[in-house]
Amino acid sequence: MSHASPLRLGVLGSGKGSNFCAIADAIAVGSVNAEVALVLTDVAGAGILGHAESRRIPSRFLEPGKFRTKLDEAAEAAYVAALVEARVDLVVLAGFMRILKGEFLRAFEGRVINIHPSLLPSFPGLEAWKQALDYGVKITGCTVHFVDQGIDTGAIIGQRAVPVLDADTAASLHERIQLAERVLYPEVVAALARGEVQSRGRQTRGFMAAPW
Ligand code: GRF
């Protein structure tokens, strides 16, 4: 992915949209050569919609269909169509709480990324910060990775570490991980927009984050 013109992003989120804001703000100050072409959410009234509207970025709630954890076939087709119509180069998952599979990943092969709140492959799945705290690790963090058919299993592009403090609660640790996410995600998108990331199977090269 190498782009002289701004990389067109499609952002999918289900929640408050802090990662979307971090990316949009980094674009606005010129640190990322990209443009958010479209924001889609599966949650009517999700915070991310308000943030998109206040930045005058096109955004829509799109029905997710009959399942709880994934898009149904019709919804998947509608999401793909909306992103294709917006001429999206890269799909950025920012707290999108549904698994994307099959047709969606085929339509955007190698062009879907996600941020996960742990140092993968440790603690995939839900509430990764709580898993890390319960396990007793001393360092956790966040990971940006390409999305494949598995859950949080795709090739890793970049990671940023967050120390676990003795006084941490799940909430305080989660908050510091989210601060790290807001640094890491725009940096990774910037590197992708500059065409610096190469990937071969599980190995990616070309992006190095400050460790924290
Ligand atoms: C992030 O913390 C990310 O790790 C996870 O979902 C959360 C979304 O937060 N995938 P926000 O909507 O970007 O604020």
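I count a polar contact as a pair of N or O atoms within 3.5 Å. The model is predicted, and I kept that in mind for every entry.

Entry 1: I began with Glu181, where an N or O atom of the side chain is 2.3 Å from an oxygen atom of the ligand. I then turned to the backbone. A polar backbone atom of Ile115 is 2.9 Å from a nitrogen atom of the ligand. For Lys16, a polar backbone atom is 3.4 Å from an oxygen atom of the ligand. I also looked up the cover: the ligand has 370 Å² of accessible area on its own, and the protein covers 88% of that.

**Entry 2: the shell.** Which residues surround the ligand? I listed Gly15, Lys16, Gly17, Ser18, Asn19, Gly95, Ile115, Pro117, Gln178 and Glu181. Sorted by class, this shell holds six polar, two nonpolar and two charged residues.

Entry 3: Two or more residues of the shell come from each of helix H1 (18-28) and helix H6 (170-193). The volume of the largest pocket is about 910 Å³. I noted 34 lining residues, with Gly95, Phe96, Met97, Asn114 and Leu126 nearest the centre. At least two lining residues come from each of H1, strand E5 (112-116) and H6. By class, I recorded 14 polar, twelve nonpolar and eight charged residues in this lining.

**Entry 4: the second largest pocket.** What volume does the second largest pocket have? I wrote down about 300 Å³. Its lining has 18 residues, and Glu109, Gly110, Arg111, Phe146 and Val147 lie nearest the centre of this pocket. I sorted this lining too: nine residues are nonpolar, six are polar and three are charged.

**Entry 5: backbone angles.** I went through the backbone last. Most peptide bonds are trans, and most residues other than glycine have a negative phi. Is the peptide bond from Leu120 to Pro121 cis or trans? I found it to be cis, with omega near 10°. Pro121 is placed in the loop between E5 and helix H5 (128-135). Next I looked at Arg56, a residue other than glycine with a positive phi, near 55°. I located Arg56 in the loop between helix H2 (47-54) and strand E3 (59-61).

**Entry 6: to keep.** I marked Ile115 and Glu181 for a second look, as both are in the shell around the ligand.

How values were computed: Residues are numbered from 1 along each chain as its sequence is written. This is a predicted model: local features need pLDDT of at least 70, side-chain atom pairs count only at pLDDT 80 or more; totals for chains, interfaces and linings use all residues. Side-chain values use heavy atoms; hydrogens and water are left out. A residue is near a molecule or strand if one of its heavy atoms lies within 4 Å of it. A polar contact is a pair of N or O atoms within 3.5 Å; within protein, one must be able to donate a hydrogen and the other to accept it, and residues adjacent in sequence count only if both atoms are side-chain atoms. Accessible areas come from the Shrake-Rupley method with a 1.4 Å probe; for residues, only the protein chains shown count as cover. Helices (H or I, at least four residues) and strands (E, at least two) are DSSP runs, numbered from the N terminus. Ala, Val, Leu, Ile, Met, Phe, Trp, Tyr, Cys and Pro count as nonpolar, Asp, Glu, Lys and Arg as charged, and the others, Gly among them, as polar. On a 1 Å grid over the protein atoms alone, a cavity is a set of points where a 1.4 Å probe fits but cannot get out, and a pocket is an open set with protein on both sides within 12 Å along at least five of seven lines; lining residues have an atom within 4 Å of a point. Grid points are joined across faces, edges and corners, and a volume is the space filled by probe spheres set on the points.
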